[in-house]
Number of protein chains: 4
Amino acid sequence: MVGGGEGAFIGAVHRIAGRLDDCYELVAASLSGNAQRAAASAAGLRLDPARSYADYQAMARVEAARADGIDAVAIVTPNYLHAPMATAFLEAGIHVICDKPLAISLAEGEALAALARRQNKVFALTHVYAGYPMVRHARAMVAAGEIGEVRLVQVEYAQDWLAEAANQSEEFQRNNWHNDPRRAGPNGCLGDIGSHAHHLAGYVSGIQPDQVLAELHAFTPNRVLDDHVQVMLRYPNGARGMLWSSQMATGCENGLRLRVFGTKASLSFDQENPNELWLTPQGGCAQRLTRGRVRSAAAVSATRVPSGHPEGYLEAFAQLYRDAAAQIHALDAGQTVPQSARDMPDVDDGVAGLRFMQAVMESHRQGSRWLKFA
Amino acid sequence: MVGGGEGAFIGAVHRIAGRLDDCYELVAASLSGNAQRAAASAAGLRLDPARSYADYQAMARVEAARADGIDAVAIVTPNYLHAPMATAFLEAGIHVICDKPLAISLAEGEALAALARRQNKVFALTHVYAGYPMVRHARAMVAAGEIGEVRLVQVEYAQDWLAEAANQSEEFQRNNWHNDPRRAGPNGCLGDIGSHAHHLAGYVSGIQPDQVLAELHAFTPNRVLDDHVQVMLRYPNGARGMLWSSQMATGCENGLRLRVFGTKASLSFDQENPNELWLTPQGGCAQRLTRGRVRSAAAVSATRVPSGHPEGYLEAFAQLYRDAAAQIHALDAGQTVPQSARDMPDVDDGVAGLRFMQAVMESHRQGSRWLKFA
Amino acid sequence: MVGGGEGAFIGAVHRIAGRLDDCYELVAASLSGNAQRAAASAAGLRLDPARSYADYQAMARVEAARADGIDAVAIVTPNYLHAPMATAFLEAGIHVICDKPLAISLAEGEALAALARRQNKVFALTHVYAGYPMVRHARAMVAAGEIGEVRLVQVEYAQDWLAEAANQSEEFQRNNWHNDPRRAGPNGCLGDIGSHAHHLAGYVSGIQPDQVLAELHAFTPNRVLDDHVQVMLRYPNGARGMLWSSQMATGCENGLRLRVFGTKASLSFDQENPNELWLTPQGGCAQRLTRGRVRSAAAVSATRVPSGHPEGYLEAFAQLYRDAAAQIHALDAGQTVPQSARDMPDVDDGVAGLRFMQAVMESHRQGSRWLKFA
Amino acid sequence: MVGGGEGAFIGAVHRIAGRLDDCYELVAASLSGNAQRAAASAAGLRLDPARSYADYQAMARVEAARADGIDAVAIVTPNYLHAPMATAFLEAGIHVICDKPLAISLAEGEALAALARRQNKVFALTHVYAGYPMVRHARAMVAAGEIGEVRLVQVEYAQDWLAEAANQSEEFQRNNWHNDPRRAGPNGCLGDIGSHAHHLAGYVSGIQPDQVLAELHAFTPNRVLDDHVQVMLRYPNGARGMLWSSQMATGCENGLRLRVFGTKASLSFDQENPNELWLTPQGGCAQRLTRGRVRSAAAVSATRVPSGHPEGYLEAFAQLYRDAAAQIHALDAGQTVPQSARDMPDVDDGVAGLRFMQAVMESHRQGSRWLKFA
């Protein structure tokens, strides 16, 4: 693991996710770029001090050289470090599990994708919501034509934590790396959560917009990056859509919600109730599909406990780790990746996301014009 | 009543609405422009044949001249007839209750507003969703500052009946006046339901956008008018918003849903569950406010039955009729209109709607550009 | 109308219900036993003073003798008056629409049923919840065998108004006729709302328990009648069930909820969301059936507005009035009652309810023993 | 771990629960009483073969003697083995984490409780639903008097898997240990899930019934044990309640639902939506309290991820393991158990459950009579 030292939320989540299905053992880490904090964090996790690194490049080099070196690395640092770190580990021949976004520019992301292909390594991108069984079930339904041709996509991701943060001290604003273009990259809300919304929409609908029209906005006083994004979408098949993401949506916790309308039926998914998926046929009544009752291969293979026993965010995260493990085993053994592990978001999803975000920013810069980008 | 002959859905609704609170008696009508059908419909309603008219202008003239002539007329015809008919009755000194939209052009609507003012007559516009007690409660909360300054408005109105209709015969398409620009006016989904969404958003939030950026679209083959509308909104106070309305939203019945996010709290209302309103404070937990439990003057005065006894669409419609009756009584008696009756949508709401629709169409024509219109 | 003078909630509801579908005209009434209040109330309703009566027996006699006398009477008085009043009008040859409960004893109810049969008059009992389209749809589904054989029935009716009332003055308690055995009859919560729960369960499930085991309880200090009822049920076919009704259920508005479990599927209905009904097949996923989307004859014939336009309590009430009108027309014309009007609760439902309540009270008196009563 | 070999559902859940918060390492096990299967299962889990036992008594003895012997054992076998196994490990001085029910008779359970006290060992009983943050929040609210005095308790646990199973082969019925009194103990549904319902009700409400009146029933043909339980409850403070549990409730997945009504407010919790808890004040509107927004110590200490990121069943299970670890550390170090770990269900909860179940069976045997048992 790189990053994720004491107090880092997402590092702890990654560790639970790796542990949950018993596919990984944490044996080496560079938990901080600061040697002292790295060591302290490593001790807290009972790591062998010899395998705690302050320098990620040293870690890549040394671990690659060890007979019992790590098979895979999890990168859980601020955005701007994702690409250089992933590059270092890929070059050292180590599989990568990387927090999203893939990189802070499209060019950087494309280079990484090319490298991953060249090195023939697994590159998992933790678009965690793709790990939910009902999201996978929805994706499988759409792919099987069960909702007909997709005509409308409505996706939103609404939080209120910046509305909260807007009331915080100037110092808070300064230290919050999510608002620092150098560390977060060129966008705020768009990259933080808009990228998840974009990914989920494409993951389920099976289609990608080729035109966007966007407005970015910052409500928070003194804020550098956007805290609110609204985008209109056009798809190559004539479908239309809207994406809204906001971190100023008063009262919203983690409101990622997707609706996909096909010619035969529509689907609705709400991340805060991930054990269910709503299916409504044209002119008909809604069905509340539940994780334990739909017995699709897609849902079953992403599930641990029976019907009526809720799973959540950590299980979805663990699913990506489990998929990555299955891909790594297959690749290392020269075998075919099992079908059930192929739904893992990867470096290509990351590139698609960066391409989308670049187009959104460009449309906004041009005064919210339709921009064809694919 | 003008329009609303046999088989007309909205005519029957208006009649129930007028009857429900016992404020009106139906004594004269022009139920169809065809004399034979007008007479047959009148007989079905046990109207005095002498007061059944085929010609609305005759009706206005004759009724105005009778000592026991009608006080008010309900206009429930296709859109293009609203303005000429309302004009005739206003000129005859008769109060008007008119189905939305007010008119099929802004100019026509503005003339009507001027006339209503000049004649000093009540002009109720049946934006029915403004009759729900919880909509009024929401409006009162916003007006009282309980959610702080409004920052975001998200409104949508999704139906699937045109997705259904798209599969119908060419003949169906031809006879459906909702798709005939001569009778429906220059827009389809925008005027039918987008206008309701626009009205509801303004009615509750208390603010009107002054810039729009819009895309209209028709999915249905051979369709003349739009069946899908998406609009981005900017408000004078810096607020942002989105409006989506579609009649192609597979599986949706009558999905009018509004969310208003203020600096202190947010509100969410769903027309299909009109007895409740969700209030969520910033950083806090949602409250499900119910019609019978909030005891605001706004909600109580629009309510008939106790807590837990659901009211619905017909009661909301009846509320507008009750408000109009109270305004008519007050005006005719030279008294002040009681506070509780002032929430009735009127001719000015109609003009605001037409102004919005005109801007939306213009933005669309210009390739989805931001258009300042107010 | 008998009863329902100024300030009486249920009288006003009955008047709206009669008016809504335009099947009745209110022409005569005995709105109070007090002559002055009767006259004042009649004036408020613009009734002909000659047809306002203080004495219900005079009203029955005089109206029966008039050529233009009433066809039907609505009885909306406290419980103990239902039977004597209904008797007077039936004997005068006038159809009866009566608030529930039918009577305050089983013997009284049985005599009334016999009389109604002898006089061949319509006797509608306003178990209003049987007027909801989705309740009728549920009933039709069960009758058609769509959920298999009924195995379990769970019904509850929870309110909190007595928890509120418990805090009121002694004077309030004294004046509240719901707590006066002389006027309310021998039970409180059981008769007020338990009787509705019992009726709904039988109306939908199509089966009646033949054994009960019950506990009545009064939480309110100084309360004479029960405010809380819990009953276990056994059915002749081996089915089991539970009925709970309480007016002390803190936070509950009007929580009447029924679940019926068959061998093939289960149904769930909640009075506070009456436009929907949940159907779950064994081992499967729930479907949210909606009023406008199920196109059964039972639902359609009890509906006024399209899909997605909510109906509520007043429409359900109006449905019973409409059914009664259809029955009255058929009976007076010597025709067969149309299928759609046969779902109206009648005097036999009232007798079944009284029989159930008597058994519940008897089981309670015997220390909560299983009591076979049918 | 004892039990939980290949194919055993609950064994796998316990292992994830132990791993999730990184408090345990699985180093020894008796995964089956059959030596070959024990070894195969151990190999599947990469256990040291020397520490895989076929005989649990040997395991207790040998592990107790090793310097690096286990600190605690998880017992996940069929019911009848819980008590003898727990006895063996307690006597060997090893802490116990035991699946519910504690034992198959009250006497056995009481002996175990006495032994645990004597040995001064931690005894965690995995009433998993007590691990949900919102259950703990509810418990804390009641304890703090926030809902007033408890007056009504309604708890139900409805599943449909036996309705499914009822259609299975006779062989299935034979092999299903849940229907074998020798292995399951003297009750079926009551012990399987009724015991969870009983525990949850007491855990949250803070009160225990002292009188029950019950009916057990078996719908499934040829079934030996009950598959349906209904119980009426009386509490020492005058409160009333009902408990219903059924494995024949067509369409229900894992429907454990609790409502507690106090004099000031009521609480409602549904296991299938464990991230929320509904609070409704008397006469007021419901609040949907969510895991991430209530910041009580009780909820926060049982939580891993932020607001809006759902947790589920495995996290609840892990919570009990985490609590047990904290208690074990404290006890072994001679320290006070931290407040946050004290909410763990223990051997005394198990005894209370057995006492309740015994009274329920006795009331049933006596023809459903009120039985005072505490």
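Reply: We can begin with chain D and chain B, which meet through the same surface, because 100% of the interface residues of chain D are also interface residues in chain B. Residues are numbered from 1 along each chain as its sequence is written, while chains are lettered from A and ligands numbered from 1 in the order in which they are written. Side-chain values use heavy atoms, with hydrogens and water left out, and local features need pLDDT of at least 70, side-chain atom pairs count only at pLDDT 80 or more, and totals for chains, interfaces and linings use all residues, since this is a predicted model.

Me: Which strand gives the largest share of the side of chain D that touches chain B?

Reply: In this interface twelve residues of chain D are in contact with twelve residues of chain B, where contact means heavy atoms within 4.5 Å. The rule finds zero salt bridges here (a side-chain nitrogen of Lys or Arg within 4 Å of a carboxyl oxygen of Asp or Glu), although four residue pairs, both at pLDDT 80 or more, are in polar contact: a pair of N or O atoms within 3.5 Å, of which, within protein, one must be able to donate a hydrogen and the other to accept it, residues adjacent in sequence counting only if both atoms are side-chain atoms. Taking helices (H or I, at least four residues) and strands (E, at least two) as DSSP runs numbered from the N terminus, the largest share, five residues, comes from residues 286–290 of chain D, strand S12.

Me: What area is buried between chain B and chain A?

Reply: Buried area is the accessible area (1.4 Å probe) that two parts lose on being put together, summed over both. The contact involves 46 residues from chain B and 45 residues from chain A. Carbon and sulfur atoms give 54% of the buried area, which is about 3500 Å².

Me: How many salt bridges are counted between chain B and chain A?

Reply: One salt bridge pairs Arg259(A) with Glu156(B), whose closest N and O atoms are 2.7 Å apart. The salt bridges between chain B and chain A number six.

Me: What kind of axis relates chain B to chain A?

Reply: Chain B is laid on chain A, with an RMSD of 0.0 Å, by a turn of 180 degrees and a shift of 0.0 Å along the axis. This relation is therefore that of a two-fold axis.

Me: How far apart do the C-alpha centres of domain 1 and domain 2 of chain A lie?

Reply: The domain bounds come from an automatic or database domain assignment. For chain A that assignment gives domain 1 as 2–121 and domain 2 as 133–305 + 346–372. Their C-alpha centres are separated by 27 Å.

Me: Which three residues supply 36% of the area that domain 1 of chain A buries against domain 2 of chain A?

Reply: The two domains of chain A bury about 1500 Å² between them, with 64% of it given by carbon and sulfur atoms. More of the area that domain 1 of chain A buries against domain 2 of chain A comes from these three than from any other three residues: Lys100(A), Leu102(A) and Leu106(A).

Me: Which helix gives the largest share of the side of domain 1 of chain A that touches domain 2 of chain A?

Reply: Across this interface the rule finds three salt bridges, and Arg355(A) forms a salt bridge with Glu110(A), with the closest N and O atoms 3.0 Å apart. Seven residue pairs are in polar contact, both at pLDDT 80 or more. Seven residues, the largest share of that side of domain 1 of chain A, come from residues 106–119, helix H5.

Conventions. Least-squares fit on C-alpha atoms with pLDDT ≥ 70 in both.
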